[in-house]
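I set out to record, entry by entry, what I looked up in this structure. Each entry takes up one part of the chain and keeps to what can be read there.

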Amino acid sequence: MAGLGTKGFVLPGKTSNVKVILNGGQIVTYLRPDGYFSFQNIPAGTHLIEVAAIGYFFSPVRVDVSARNPGKVQAALTENRRGLSELVLEPLRDEQYYEIREPFSIMSVVKSPMGLMVGFMLVVVFLMPKLVENMDPEEMRRAQEEMRNQGVPSLASLLPGGGRN
Amino acid sequence: HQQYIGKVKQAVFHTHKTGRKRVVASTEQNIIATLDLRSGEIFWRHVLGPNDVVDGIDIALGKYVITLSSGGSILRAWNLPDGQMVWESSLHGPKHSKSLLLTTNLIIEKDNALIVFSNGRLNAVSCIDGEVLWKKDFEEESLEVQQVIQPPGSDFIYVVGFAASSQFQMYKINAKNGELLKHESTAFSGRSQQTPVSNLLEDSPGLAVIIHSSVTGIFAIKTDAATIFIRVIGEGKLEVVEKTNHETVVSDALSISEGQQAFALVQHAGSNIHLTVKPAHDWDSNLLKESIKMDQQRGFVHKVFINNYIRTDRSHGFRALIVMEDHSLLLLQQGAIVWSREDGLASIIDVTTSELPVEKAGVSVAKVELNLFEWLKGHVLKLKGTLMLATPEDIAAIQYMRLKSSEKSKMTRDHNGFRKLLIALTRAGKLFALHTGDGRIVWSHLLQSLHKSESCRQPIGLNLHQWQVPHHHALDENPSVLVVGRCGPSSDALGVLSLVDSYTGKEFSSLRLVHSVAQVIPLPYTDSTEQRLHLLIDADKHAHLYPKTHEAIDIFQSEFSNVYWYSVDDDNGIIKGYALKTKCSGNVADEFCFDSRELWSIVLPSESEKIITTATRKLNEAVHTQAKLIADQDVMYKYISSNLLFVATVAPKASGEIGSVTPEESWLVVYLIDTVTGRVLHRMTHHGSQGPVQAVLSENWVVYHYFNLRAHRYEMSVIEIYDQSRADNKDVWKLVVGNHNLTSPVSSYSRAEVITKSQSYFFTHSLKAIAVTLTVKGITSKQLLIGTIGDQVLALDKRFLDPRRSVNPTQAEREEGIIPLTDSLPIIPQV
C-alpha cells in the first residue's frame, strides 16, 4: 500500500508531555515546540488519532486516508461528529481531577448546624420578650413570685392569663 | 507516585558546563530519560511506543539529545533541559541493516550535522532542524558500517565497514555533499600469523564469546570460567594480557585528553566489586582502582559507563554508572555509591498483596518512652518550626519525622485493610515488597531459583500465588508467596518454584521441578498450617499436587472428584475441560501426580473466529447479595457461579490493528461458558466490531471494551446473567411455608435456566487495563477501574453499566436509581 504522511497541529499549553497516539497504541509520536506532529507511512484506510495530555480532554479523531489521492486526509471528531477541514486538534474541555471546592455562600453558612443554632437563638431572644410583653404588670409580678418560690417557671404560668395558683 | 526507566542500554554523560550534571539514558523499555547525576532523580522521561526500539542516543551541540529509533527509521532531537521534542525526521533506506548514529563536529555550510547510517543508506542530517542534507547509497550489498572517521580539519570522512563477503571496505566521501571520492576494499586473506585462540584458552572449556567494546587494541573473550583480555601487537599477533576468574564487565572507551583513551573494568569478588580504570595503551598501569561493597541482592554487573572529571589538583577523577543484573542503576564515585535506582520495577510481571502483621498492643507507647532524648529533640524542632525559627535542615527533619510516624506508613494492619504489602515479581527475577502507604520498598530479594546458572539457562518468572495466608490456626506464622517460573522460553521448559516469606523476604524453599508448568491452579483447600494446595499442570496434561505432603494428599483425595479445570488453546480455537483420573501412569511412582481426562471441548470454527481474550472471576471475591431487587417489588436472582469463563473471539482478518479491516469483514463474538460442564450459557455477536478486548468478570456480570468499526469509536458492553430457576420463589407464602430452593447452593451440576441482559455504550478512551473494586461488607457500590492509554486511571460507577437502563425510566425504576440511557458513557469526575 502506498504510504503517506499525516501532519497535524495540537493546541494545549505545555507541549513537552503531550503524546499523539495512532490506532490505540500502534504508533506514538510527540509534538514539536510549535505544536506540529506527523505520522509517516500510514496505509490508506480509516484510522483513529488520540491525544494524551494531562489536564485536557481531547476527542479521538477519525481520519480517513484516501487511497486514490495520496496526501488527502479527512478528519472528524468522534464525540460530536464534527468534520475538521484541517487537522487542528483542540481540547474539548479541561479535565477536572479534583472535586471543585464549593464557593463561599452565605446560605451555606445559615444552613449549617452552627447557623441554625444561632438563628434559633436570635429568634428566641427577640420573639420571646414580645410574648411576655402582653402580660399585665400584675401577672408579671405573680410570675416572678412563683419563680422565686418554685425556681422553675412552668409553661402554664408564663402564658398570659394562666397558671394562677 | 514513582517513576522508573528500566534497564539502561546506553548512557551519555553531559557534564561539561557548570550547573546541573546530567546523564541521558535509553532503556530496553523504549524510554529516553535524563537523570540528575547528583541524586539519580529523573528530570524528564519519554516513553516511546511499544514498537519504537531505541537504537542509538547521543548529545549534539551540547543541548540536543538525538535519538535513533524504530530500526533506524526515526531520528528525533529533544531539548536537553526539558525534554521538548525539537524536530523529528524519518529516514528511509533501501534495505534493512543495523543502524549507527554518529555526532561528529561536522560543519556543512555553517550547519552542524550528524551522520546516520540506517537501512543501508548514509545520511547527513542537520542538527538544527532535522533536514537531510545529503544521502548516499552504497552499491555493495549488505554493507555493515562500523565506523565513520573524520580526520580533524579536513573536508572528507572515511566510512569503514564489512561487506558480506568478509571484505573490508573503506570509502572516502566528501563531507559537504556526499560524493564518493575513493573506495578501497581488501579481502581478509588471513593474517600473517594466525595464533589460534584456542591455544590461549587452554583449559577453559565452554563457549567463548567476544565482548563488544570500543577500546582500540584490546578485546576480551568471555568463557564460562574466566574472562581473558587479549591485546593486538604488531601484525596480527595476539597476546594474552590478563585472565580473570570473576565476572567482569568492560566499558566503552572514553577519551580523557588529546589522544589518550581510558576504559573501565568492573569485577566481582565476593561481596565487593572492584572498579579499575586503565589507560587504553598501557594495561599495567591503573588510573583508578577502587573496591566498593555491594549488596548481594543486586546480582552481577551487566554494563558500565564511565565519565571523567578534573579534580582540583588537575588529575583525572572518574565516575562510573553501572547497571546490575536486577536492572538497578548505581553511580560510583570516589569509592562509594552515590545513589542507586531500583529500575527493575519498570518491568513487573505479576503482583499480589499480602497482609501486614497484626498490631501488637502496647508497643507504640513503650517505644516513645525509651527515646526520651529523641522525643525532646523532636518537640524542640517542631516548636522551632511553628515559631518560624527553623532552618531548612530542620524543616526537612520535621517532615521526615512526620512521615515516619504518620498512620499511612506503619508496618501493621489497619482497621479497614488499606495498608498492605504489594509483592511484585519483576522480569529480572527479583521480588520487591512495596508498602501501600508510601510506596517505599520494604524488602527486596533476588531469587536464587530464577538466577542464571548451568541447570537453568534462561530463567523466566511466570506468576505469583499466595501460598500461606495464616488465619485461624497458624497466626504465628508469616504469610508466604509462591513464585512460579520456568527455565526456558518454550512452554515445555522445566519449571522452578520458590517459596518466599512475605514479612522478611527470605526464600525458605526452592524446588527445581522435573516437569514443565503450563498452568497453576490454586485449589480452595488448605492444610493445617494454612498452606494452600496448588495443582501444577504440565504440558502433558498431568497434574502435580503441591505441597508434597501426606496431609495434602489426604485432603485432596477426599475432594478428588470435584476438581475440574479448563485450558484455552488460542491458536486452534479449542477450549477443553478436564477432570482428574487416577495416578500418573509411568515409570516413576509418584503419588502426587495425576492423570487427567478430557470432559468436554468446545471447538470454535477457526475460519470465522479467533480467540483474543478470556476472563474469569477473581478467586477471593465474595458476593454479598444473591438477589437483586428491582422495581415493582420484584426480585431477580443472580446466577453466581465461580466457574464462569468469558471468551471473546474476532474474525481472523480483524485480529490486527484497529482500522485495518472494513466493518463488513469483522465481527466480535462473546461467549459465557461454564467451565465444569462446558455449557455455553450465552453467546452474542457484535457485527462490525474489532478487538483489542479488555474484559472483567465479577459476580454475575461481565464488562468488556472493544472497538466499533462502523462508528469508529470504542464501546463498552455489559452482560448480566440471572438465574431463572429460583425465580418462582417470589411469593412470600412460599418462602415461609412451602419449600423453596433459595438456600440450595449454586452448583454447576444442575442445569439452571439462565436469562441474560446486555447493553452497549460508546466510550471515548482506549484502554490498557480494566478491573473492578472489592468491597468488604457489601455496602460500597462497585466501581470499575479503567486504565486509559494516556496512563490515567478512571473510576466508573457500575451503575452506568446497568443493562436495565432505558431512555425513559419509569417512576419505579427511577426510585431504584437506574440512570437514564445515553449512547455514551459520561466521565464525570465528581461522581
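**Entry 1: Helix 5 of chain B**

I began with the packing of helix 5 of chain B, whose buried residues pack against strand 38 (519–526), strand 39 (532–537), strand 40 (543–546), strand 42 (574–583) and strand 43 (593–603) of chain B. I note here that the model is a predicted one. I then looked up which residues of this helix, which spans residues 550–558, are buried, and I found Ala552(B), Ile553(B) and Phe556(B). Viewed down the axis of helix 5 of chain B, these buried residues fall within an arc of 100°, so they line one face of the helix. On the other side of the helix I found His550(B), Asp554(B) and Ser558(B), which are exposed.

**Entry 2: Strand 35 of chain B**

How many residues of strand 35 of chain B are buried? I found that seven of the seven are buried, so the strand is largely enclosed by the rest of the structure. I recalled that side chains in a regular strand alternate between the two faces of the sheet. In strand 35 of chain B, Ser480(B), Leu482(B), Val484(B) and Arg486(B) point one way, while Val481(B), Val483(B) and Gly485(B) point the other way.

I next looked up the partners of this strand. Strand 34 (residues 460–468) of chain B pairs with strand 35 of chain B in the antiparallel sense over seven bridges, and in strand 35 Gly485(B) stands opposite Gly461(B). Strand 36 of chain B also pairs with strand 35 of chain B in the antiparallel sense, over seven bridges. Here I noted Ser498(B) of strand 36 opposite Val483(B).

**Entry 3: Gly488(B)**

I followed the chain to Gly488(B), which is in the loop between strand 35 (480–486) and strand 36 (494–501) of chain B. Is Gly488(B) buried or exposed? Its relative accessible area is 7%, so I recorded Gly488(B) as buried. Leaving out residues up to four places away in sequence, I found that Gly488(B) touches Gln458(B), Ile460(B) and Ala493(B).

**Entry 4: Positive phi values**

I reminded myself that most residues other than glycine have a negative phi. I then looked up Asn30(B), which has a positive phi of about 60° although it is not a glycine. Asn30(B) is in the loop between strand 2 (22–27) and strand 3 (31–36) of chain B, and it counts as buried at 7% relative accessibility.

His327(B) likewise has a positive phi, near 70°. I located His327(B) in the loop between strand 27 (316–324) and strand 28 (329–333) of chain B. His327(B) is buried, with a relative accessible area of 7%.

**Entry 5: Nonpolar cores**

Which residues have the most contacts inside the largest nonpolar core? I listed Phe646(B), Val670(B), Leu681(B), Tyr704(B), Ile719(B) and Ile721(B), in a core of 20 residues. The elements that give two or more residues to this core are strand 47 (644–650), strand 48 (667–674), strand 49 (680–687), strand 50 (689–698), strand 51 (701–708) and strand 52 (713–723) of chain B. Strand 47 of chain B gives the largest share, four residues.

**Entry 6: Chain A**

I turned to strand 2 (residues 19–22) of chain A. Both of its faces are covered, with Lys19(A) and Ile21(A) buried on one side and Val20(A) and Leu22(A) buried on the other. This strand pairs with strand 3 (residues 27–30) of chain A in the antiparallel sense over four bridges, and Lys19(A) stands opposite Tyr30(A). The hairpin of these two strands has four residues between them, and there Asn23(A) takes a positive phi near 55°. Strand 2 of chain A also pairs with strand 5 (residues 45–52) of chain A, in the antiparallel sense over four bridges, and Leu22(A) stands opposite Ile49(A).

Lastly, I consulted the UniProt record, an unreviewed entry, which lists residues 114–132 of chain A as "transmembrane region". In the model I found this stretch to be 100% helix and 0% strand, with its end C-alpha atoms 27 Å apart.

Key: Residues numbered from 1 in each chain as written. Chains lettered and ligands numbered in written order. Predicted model: local features only at pLDDT ≥ 70, side-chain atom pairs only at ≥ 80, totals over all residues. Heavy atoms only, no water. Buried < 20%, exposed > 50% of the residue type's maximum accessible area, 1.4 Å probe, protein only. Contact = heavy atoms within 4.5 Å. Arc of directions from axis to C-beta. Core = buried A, V, L, I, M, F, W, Y, C linked by side-chain atoms within 4.5 Å. Pairing = 2+ DSSP bridges. UniProt positions renumbered as here; feature names shortened; annotations may be inferred.
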